[in-house]
Amino acid sequence: MNKTILTGLRVNSVLTLGNYLGALLPMVRLANKYSKDYTVNIFVPDLHSIISSIDGTLKENTIRSIKYFLSAGLELNDNVHIYRQSRVPAHTELTWILNCVATMGEMSRMIQYKEKSEGKESANVGIFDYPVLMASDILLYGASYVPVGEDQFQHIELTRNLAIRFNHRFGDTFVVPEETKKQVEFMGLDNGIRIRDLVNPDKKMSKSTPGENSKIMLSDLPEKAAKKIMSATTDSFEDIEFDLTTRPGISNLLQIEALINDRPLGEIIREWQGKSRYGDLKKQVASSVQKLLEDFQTNYANTSDTDVEEILPIGEKYANEIANAKLAEVYQKVGLA
Ligand code: TRP
């Protein structure tokens with residue numbers, strides 16, 4: 001049987017170039033590269049989205065994020081499956097069972113929970129419990145590889161621990177996902193990618209930063225985005241050098257150039273290192289960004305809600321079959337069936 005690569009991308013609104021280059025595009029490339037030999041599951045964790053707010057935009061955002069995958073060039077074939085978490089009830093059913101396997105201690109140690117709840121009594125229980133839902137998302141499909149950003153590594157570790165504990169108590173049931181170090185290797189990266197703010201490159205690019213020039217949104221006019229690159233903060237050294245700590249601005253541009261063109265960072269560094277014309281590098285990156293946005297926006301405009309509505313039932317039928325079979329096995333093991 002083929003191994004499974006699985007990932008879910010939370011999309012609550014419009015993405016930045018950083019989200020796109022750091023998460024979405026690498027996933028799409030991974031899927032396109034491996035879908036001959038692996039099963040690839042890509043899903044929208046819509047049940048996760050409501051831990052932050054429940055409002056009227058969820059449905060629209062869900063459709064939009066599937067369009068993003070398609071516009072980023074995801075190639076669909078028999079091994080690639082796209083679905084919504086909420087349409088596969090087994091995710092929530094397994095969550096309950098794993099809730100009774102997970103401990104208060106380990107759950108309370110989740111950094112994201114601590115950050116998001118800020119210790120407030122008013123924090124919702126979903127924020128606390130969502131790593132268990134995430135474990136269910138993964139374990140139902142026997143996924144070995146789960147490409148995610150660094151902020152999710154702790155949840156992958158939790159998933160591994162729950163799988164190991166369950167298997168130990170009830171007999172071999174779940175595939176234990178690979179350790180995060182192996183996941184990173186599989187993604188072909190040295191470490192997680194973090195695209196920087198264009199004005200203050202010490203910080204991560206974020207849609208909530210107020211300054212227009214700090215961030216590039218996927219919906220920006222391509223020429224406007226190119227201008228933002230041209231005005232990006234670099235440094236006052238004499239020549240180009242890659243060092244994210246001492247020269248975050250120029251290093252960020254080198255990284256963006258490598259990611260957009262799907263070329264190894266080392267190669268891009270070798271090309272530019274020692275050169276003194278920062279402007280030339282900026283022009284090159286600006287043109288790469290402009291082209292990326294033009295292509296993406298054209299694809300996006302050509303993808304309709306109907307296209308999305310047509311593919312979802314296929315993915316959801318498949319997902320329910322796989323997930324229900326695993327859930328039935330779990331019910332059996334714990335004495336619910
Ligand atoms: N928690 C992830 C995030 O916030 C999204 C997610 C939910 C996910 N379930 C998952 C990622 C399962 C990978 C596998 O980004």
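I began with the pairing of β1: six bridges join β1 to strand β2 (residues 38-44), and the two run parallel. I noted that this is a predicted model.

I looked up a pair across these strands. Ile-5 faces Val-40 in β2.

Next I checked β1 against strand β4 (residues 143-145). I found two bridges, and these strands run parallel. I took Thr-4 as the example; the bridge partner of Thr-4 in β4 is Ala-143.

Then I turned to the ligand. How many residues surround the ligand? I count 13, and the closest are Gly-8, Tyr-130, Met-134, Asp-137 and Gln-152.

I sorted the shell by residue class. I got eight nonpolar, three polar and two charged residues.

For Asp-137, a side-chain N or O atom is 2.7 Å from a nitrogen atom of the ligand. For Gln-152, I read 3.0 Å between a side-chain N or O atom and a nitrogen atom of the ligand. For Tyr-130, a polar side-chain atom lies 3.3 Å from a nitrogen atom of the ligand.

I then looked up the cover. On its own the ligand has 360 Å² of accessible area, and the protein covers 92% of that.

Which elements give two or more residues to the shell? I list β1 (3-8) and α7 (125-139). α7 gives the most, with four residues.

Key. Residues are numbered from 1 along each chain as its sequence is written. This is a predicted model: local features need pLDDT of at least 70, side-chain atom pairs count only at pLDDT 80 or more; totals for chains, interfaces and linings use all residues. Side-chain values use heavy atoms; hydrogens and water are left out. A residue is near a molecule or strand if one of its heavy atoms lies within 4 Å of it. A polar contact is a pair of N or O atoms within 3.5 Å; within protein, one must be able to donate a hydrogen and the other to accept it, and residues adjacent in sequence count only if both atoms are side-chain atoms. Accessible areas come from the Shrake-Rupley method with a 1.4 Å probe; for residues, only the protein chains shown count as cover. Ala, Val, Leu, Ile, Met, Phe, Trp, Tyr, Cys and Pro count as nonpolar, Asp, Glu, Lys and Arg as charged, and the others, Gly among them, as polar. Two strands pair if DSSP finds at least two bridges between them.
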